Amino acid sequence: MSNDKGFFETPEFRYLFKRYEQTKAQGLSSYFETHELSDILSYYLYNDKPSEVEEVYTLAKRLHPDNPEVAKMEIRILLTYGKAKEALALFDNIQYDEDDDTMLLKAEVLLTLKDYKASRKIARNILRKNTITDDISYDALEILLDCGFAQEVLDIVTEGLHQYPHTVMLMEVKAESLIELQKTDEATEIYNTLLDDNPYSTFYWEQLGHIYYMTERYGKALECFEYELTIDGSIEYATMMQGYCHYHLRNYTKAIEIFNALSTKYKQSIMPRFYIALSLAQEGKAEEAIEKFMAIYIEQRESTDTTGAMFSMINTALLWQKLGDEEKSKECMAHAICHLADNEGLKQFLLDATPYHELRDKENMTFADMNTIEIREWKQYELLQSLGTQMLKKGDTALAFYPLFAAHAIAPDTADIDACLAYIIHKNGGDKKEISELVTNAINGRSNKLFELFNIPYNSNLLPHDFINIIYK
C-alpha cells in the first residue's frame, strides 16, 4: 500500500531516505530490508520520479529475488503508471497469503478498475478484523473514501472517536470524509484543531488550503499554501496551488512568474504552460497568448489525450476573434472540433469560460465545478451542445456553429440544436431558404429554445413559414 505525505515527513522515514540517498551518492553497496525499499519506492512513486522508482525496484530484485513483497512492488509500479489490468493479473502469478496488506493492495487495484463493490468488500473485511485505530484500518477507510462511501466512513470514524477520543488518525479521516460530503466548515474546524497541536504540519496546511480553494476562497487558500511553503519551500504542489490562487485573484503577473518556474522544471507538463497562456490572455496580450496556446496544440494534437490541444485551439479561436480576424477564428474552432477529447475532457465544456476556457484537473477543481460535472453521466452530444449554447449566450455565434454542428450529427433529438443553428445562420445573414428545414424540425420537435432565441412567445400551433416570416420582417 502506498504511503502518504504525512509518513514521508516522519523522522524515521527521513532517516531511512537519507541513508539510502547517501549510499547511492557514494556508490556504496548497502543492505536494505524489503519493507525499507518498499517505503522508498512509495516516496518516489508519490513524487513521480520513474527513473528512481526503477533503481529501487532493481535493487529490491537483486537483494530479495524470491520475496513476494518485491512482486507487490511491481504491482504498485504498474498501478501508479496506469496499468491496472496488468497489475491485477500479477496477483495470479505470485504466491501470497491473503494478508491484510496484500488484500489492501488488491482493493486499490480494483478501485482503479472501478470495481467499487469488490474493493469495498475487501476494505470492510479488513476493518472487521482490526481495531479502528490500527494503521491498516486507516488505509481501509481511505479505500472506502476513494470508492465514494464518504457517509459510511464518517459514521465509522464518528463511532470510533466516541471510543478513542482525540485519536489523530480518526480525526484526519473524519475531516477527509466531511470534505467529500462538502461539509467544509466542520472539516475546517478539525484541521484548525489539529494545527493547534501540530502547527508545522505541511499536510494540515495543505488540506486546509485545498478546502478554501475548492470553496473559491482563494485569498485564504493562498495564505495556507504560503504557510506550507514557509515550513518547507520544496513542496511543489503548494507552489502550483499558489499559481492557481494568484490566477483566480487576477494577479496574473505573479501567476506567470510561478508557472514559468514550474514549466522550466517540468517541460512536459501542460498545466503550467496552459496557465501562462491564460494569464497572458487575461492581461490583454493576445498575440503572446496565441503563440503559447499554439505551441501546446502542436505538441498535443497527436497525443492520446487531446484535451490540452482542444482547449488551446478554442482559446486561440476566441483570441483571434478578439483581434478581429474572423477567418482565423473560425479556422481554429474547426481544428478544435477535429481534436475532440474523450468525454472526461469534454465535461469541461459544462463549465463557463471566464472569458477563456480553463483546463481543469483533480487539483484545481472547485466544488462548483465538481457538482456540475459529476451530477450525472453526460453524452458527447450534450457536452458539445453545452459549449455551443454557452458561446451563443456570449454572442459568439459564428464560433458556436462548430460544436453545435458536430452535436447535430450524433444527437438522438436535434430539435433544440436545429433551433440554435437556425438562429446562428439568421444572425450571420442567411436567407429564409437556408433556415427553413431547421425551423421546421425545431417546431415539429416542440423546441421552446427556438422561440427563446428569437424572443417570440411560444406557440406550438405556429407554422414554420409563419415563424420565418415573423423573424425576417
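# A tour of the helices

Start by selecting residues 116-129, helix H8, together with residues 135-146, helix H9: their axes cross at roughly 155 degrees and come within 9 Å. Because an angle over 145 degrees counts as roughly antiparallel, H8 is roughly antiparallel to H9. Their crossing is left-handed. To see the contact itself, show side chains on both helices. From H8, pick Ser-119, Arg-120, Ala-123, Arg-124, Ile-126 and Leu-127; from H9, pick Ile-136, Ser-137, Ala-140, Leu-141, Ile-143 and Leu-144. Coloured by class, this contact shows eight nonpolar, two polar and two charged residues. As a guide to the spacing of such lists, an α-helix has 3.6 residues a turn, so residues three or four places apart point the same way.

Now zoom out to the whole chain. Keep in mind that this is a predicted model. The chain has 28 helices and zero strands. Its C-alpha trace spans about 85 × 45 × 45 Å along the principal axes. Of its 473 residues, 51% count as buried. Among contacts between residues at least 6 apart in sequence, 56% join residues at least 24 apart.

Next, select helix H14 (residues 218-231) and helix H15 (residues 236-248). The axes of H14 and H15 come within 9 Å, with a crossing angle of roughly 155 degrees. H14 and H15 are therefore roughly antiparallel to each other, and their crossing is left-handed. On the H14 side the contact is made by Tyr-218, Ala-221, Leu-222, Phe-225, Glu-226, Glu-228 and Leu-229. On the H15 side, the residues include Tyr-237, Met-241, Cys-245 and His-248. By class, the contact of H14 with H15 divides into nine nonpolar, four polar and two charged residues.

Where is Glu-363 placed? Glu-363 is in the loop between helix H21 (343-346) and helix H22 (367-373). Leaving aside neighbours within four places in sequence, Glu-363 is in contact with Tyr-237 and Met-241, and also with His-210 and Tyr-213. Then draw a distance from Glu-363 to Tyr-244: the two are 119 residues apart in sequence, yet 9.7 Å apart in space, C-alpha to C-alpha. Glu-363 has a relative accessible area of 25%, so it counts as partly exposed.

Move on to helix H19, residues 307-322. How far apart are its end C-alpha atoms? They are 23 Å apart, which agrees with the 22 Å that its 16 residues should span at 1.5 Å a residue. Switch to a surface view of the rest of the chain: 15 of the 16 residues of H19 are buried, so the helix is largely enclosed by the rest of the structure. Following H19 is Gly-324, with a positive phi near 90 degrees.

The last stop is helix H24 (residues 397-408) with helix H25 (residues 415-427). H24 and H25 pack at an angle of about 150 degrees, and their axes are 10 Å apart. They are therefore roughly antiparallel to each other. H24 passes H25 in a left-handed crossing. Select Thr-397, Ala-400, Phe-401, Leu-404, Phe-405, Ala-407 and His-408 in H24, which meet Ile-417, Asp-418, Cys-420, Leu-421, Tyr-423, Ile-424 and Lys-427 in H25. The residues of this contact comprise ten nonpolar, two polar and two charged.

Key
Residues numbered from 1 in each chain as written. Predicted model: local features only at pLDDT ≥ 70, side-chain atom pairs only at ≥ 80, totals over all residues. Heavy atoms only, no water. Helix = DSSP H or I, 4+ residues; strand = E, 2+ residues; numbered from the N terminus. Expected span 1.5 Å × (residues − 1). Buried < 20%, exposed > 50% of the residue type's maximum accessible area, 1.4 Å probe, protein only. Axes fitted to C-alpha atoms, helices over the stretch in contact; angles between N-to-C directions. Parallel < 35°, antiparallel > 145°, perpendicular 65-115°, else oblique. Left-handed = near helix turned anticlockwise from the far one by under 90°. Contact = heavy atoms within 4.5 Å. Nonpolar A, V, L, I, M, F, W, Y, C, P; charged D, E, K, R; others polar.
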